[in-house]
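Biologist: I have a new structure on my screen and would like to learn how to read it. Could you walk me through it, feature by feature?

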Amino acid sequence: MDMEKRLLFSLLLFSLLLLLGSSSAQMQGFVSLNCGGEGNFTDELGLIWSSDDFLKYGEAASISVSNETRKQYMTLRHFPADPNKYCYKLNVVSRTRYLIRATFLYGNFDNNNVYPKFDISLGATHWSTIVISDANTIEKAELIFLATSPTVSVCLSNATTGQPFISTLELRQFNGSIYYTPFEENFYLQSSARINFGAESEAPVRYPDDPFDRIWESDSVKRANYLVDVAAGTVKVSTNKSIYIASSEKPPEKVMQTAVVGTNGSLTYRLNLDGFPGFGWAFTYFAEIEDLAPDESRKFRLVLPGQPDLSKAVVNIQENAQGPYRVYEPGYPNISLPFVLSFRFGKTSDSSKGPLLNAIEICRYLEKNDGSVDEAVVSNVVAHYPSADWAQEGGDPCLPVPWSWVRCNSDRQPKIVSILLSGKNLTGIIPSDFTKLSGLVELWLDGNSLTGPIPDFTGCVDLKIIHLENNRLTGELSSSLMNLPNLRELYVQNNMLSGRVPTGLLSKNLALNYAGNINLHEGGGKSKHLSTIIVGSSVGAAFLLISTILSCIILRKGKKKHEQEQFHHRLPVQGQRIASSLNNAPTEAANCFTLAEIEDATNSLEKKIGSGGFGVVYYGKMKDGKEIAVKVLTSNSFQGKREFTNEVSLLSRIHHRNLVQFLGYCQEDGRSMLVYEFMHNGTLKEHLYGPLARECGISWLKRLEIAEDAAK
């Protein structure tokens, strides 16, 4: 008897351990980031949320939105509206499928009421453009992907209005063959619709009812272009009986326990599919949850406009699923679908019951971009400096936008053409990985504390510019540099190099500077070195005399031009190119304002009236009473300056009654500003979607006129 008790106790204990193991396994592979939040917490669903305070970029903000009490939506993290990208890096298991979900609740966190628009990407692949149209509505982006490496990056970039931000980031691990497609090596699945039909409320079904925490939207939700044109006679049915689920995608039992039935013989719906038209993955989920009499049957067909071949198959749920209360999952792993999807299920002539539908799921195929061919190489460089700020940018080095210290070409799989790491406190030897960048054109490593010899760059045949000055490099100036056919600039001054300068470098059409290396000489020994000094002194004296004369001439010119020239000469090479192009731009209609004039007009940039990808916009009033809007460039990067130059050049020579008048620019003390006329009535977007839309809407006739004028 004791043996039986012990055996029974062991079985109970084993069962308990299995249950506990199953519960913990459900949460395994789950990551839930409360962006901008602090500490960890468990929500009402049992999901564990953690803070994203490990991120070095961005700022946290708190928001308050009516009818939203979930803690994860009371904070967010926002990032500058600049040319950079800002990434989250998540650990994954390679060759495993995941669902990744990002949500965005604006809540007017910046007090600007400027609805943001920006991009989100998964690695190098553009995932979606997030467009905020209401401050109190949660926008969602969701993707199913097969992990091919130990980490995955989610990046925000390319803000065209407002600032990029994110409220939550969730990662959910699948198991087995769920969501397998033959195309998963080259395509992601971008979720477009996942609908629970016959739902008893507007609440979605998700974890813990769905162990993978998919969100099944209720068909009871009322919103524009979502499940409209419903056929008369559509009724909801439900059951409490268990549903046997052995299908590939494993819809949750709670979803399969409800359905809609077309009692008049038809089920019809129309909805908009985000991301379409395009090729997609579409599946329906059926379970016979009504007890049919022996003489009753339920047979029906799917009808899609323009696709008659899809209407040939007849669905008999009870027969297809081999019994009632069992899941049948027909679908199309590759089907072309429109943006506006209309579909109908119609009963066959020999069916006594109308069609039944439990759930549908539709995804769009999103083609992967494998990113830069140099990603692995430059990642090795980053690994040498794990704590450096510039090494934290994450994602692909080139796509969707390059790292701040990298420039890339425009190939679909880009190559890195420029490394810009001047003055970044680099130590140790020059990483040999730089020599593996086959498309490298410019290498800027000056102003660091690099040691050791100069590596062999023979493999970088396109290399034109090398800046290694002001380091602690040792060894000889390698003769392999003569093998670079396109080399035009070589700056190695102020190092500790020794030996002789290869004669091939001296005879090349090359801007070469090796001064400050006391043990590095030309090929003629000391006397040669001495004569070089004498000749150099003579040339220097002549240059000094000429410079003095030129200085006197320059000093006679106006203060404004003097300041512009000083700014021009302080710029690095890239900046000089920008300044020169700006000086050559047509300026017959564009006034060059001084910084003092701008500060006086705007009361030192006191009144902020908007923001966007370029920067922040301020209100001002000139001494003559003219009201102005001053747009201040927030990024001092090469790309930002180039955009500024392009805008000045373009707006200076384009005038049209439908364009805001461009009054001029200011570029002084390292700051760049554009000056426009001030528009009292606000922006078109504010009249269409913002607070002004509620006060005074735009008539359709006026909208047509605006569209026509914009086209002109």
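**Reading the model step by step**

Biologist: Let's begin with a proline. Where does P400 lie?

Modeller: P400 is in the loop between α4 (375-383) and β27 (406-408). Please keep in mind that this is a predicted model.

Biologist: What is the peptide bond from L399 to P400 like, cis or trans?

Modeller: The general idea first: most peptide bonds are trans. Here the bond from L399 to P400 is cis, with omega near -5 degrees. Another cis bond runs from F276 to P277, with omega near 10 degrees. P277 sits in the loop between β18 (266-272) and β19.

Biologist: How confident is the prediction, in terms of pLDDT?

Modeller: The protein has an average pLDDT of 84, and 82% of the residues score at least 70. For residues 7-26, however, pLDDT stays under 50. In the model, that stretch has two contacts beyond four places in sequence. Residues 525-546 also have a pLDDT below 50, with three contacts beyond near neighbours in sequence.

Biologist: Now the inside. How many residues does the largest nonpolar core have?

Modeller: In soluble globular proteins, nonpolar side chains tend to be buried together. In this model the largest nonpolar core has 54 residues, and F343, L357 and I362 have the most contacts inside it. Strand β19 (residues 278-287) gives this core its largest share, six residues.

Biologist: Let me zoom in on L357. Which residues is L357 in contact with, leaving aside neighbours within four places in sequence?

Modeller: L357 touches F197, A259, V260, L267, T284, Y285, F286, F343 and F345. Apart from that core lies another one, of 44 residues, and V378, V381, A388 and L440 are among them.

Biologist: Next, charges. How many salt bridges does the count come to?

Modeller: Side chains of opposite charge can pair when their charged atoms come close. In this model the count comes to 26 salt bridges. Take R70 and E68, which form one with their closest N and O atoms 2.9 Å apart.

Biologist: Are the two partners buried or exposed, and why does E68 count as buried?

Modeller: E68 counts as buried because its relative accessibility is 15%, and buried means under 20%. R70 is partly exposed, at 29%.

Biologist: Which residue does R172 meet in a salt bridge?

Modeller: The side chain of R172 meets that of E170, at 3.0 Å from N to O. R172 is buried, at 0% relative accessibility, and E170 is buried too, at 2%.

Biologist: And what is the partner of E290 in a salt bridge?

Modeller: E290 pairs with R298, the closest N and O atoms being 2.7 Å apart. E290 is partly exposed, at 23%, while R298 is buried, at 2%. Elsewhere, salt bridges that share partners join R101, E142, E170, R172, R194, R206, D213 and E361 into one network.

Biologist: Thank you, I know where to look now.

Conventions:
Residues are numbered from 1 along each chain as its sequence is written. This is a predicted model: local features need pLDDT of at least 70, side-chain atom pairs count only at pLDDT 80 or more; totals for chains, interfaces and linings use all residues. Side-chain values use heavy atoms; hydrogens and water are left out. A salt bridge is a side-chain nitrogen of Lys or Arg within 4 Å of a carboxyl oxygen of Asp or Glu. Buried means under 20% relative accessible area, exposed over 50%, partly exposed in between (1.4 Å probe, protein chains only). pLDDT is the predictor's confidence in each residue, from 0 to 100. Contact means heavy atoms within 4.5 Å. A nonpolar core is a set of buried Ala, Val, Leu, Ile, Met, Phe, Trp, Tyr and Cys residues joined through side-chain atoms within 4.5 Å. Helices (H or I, at least four residues) and strands (E, at least two) are DSSP runs, numbered from the N terminus.
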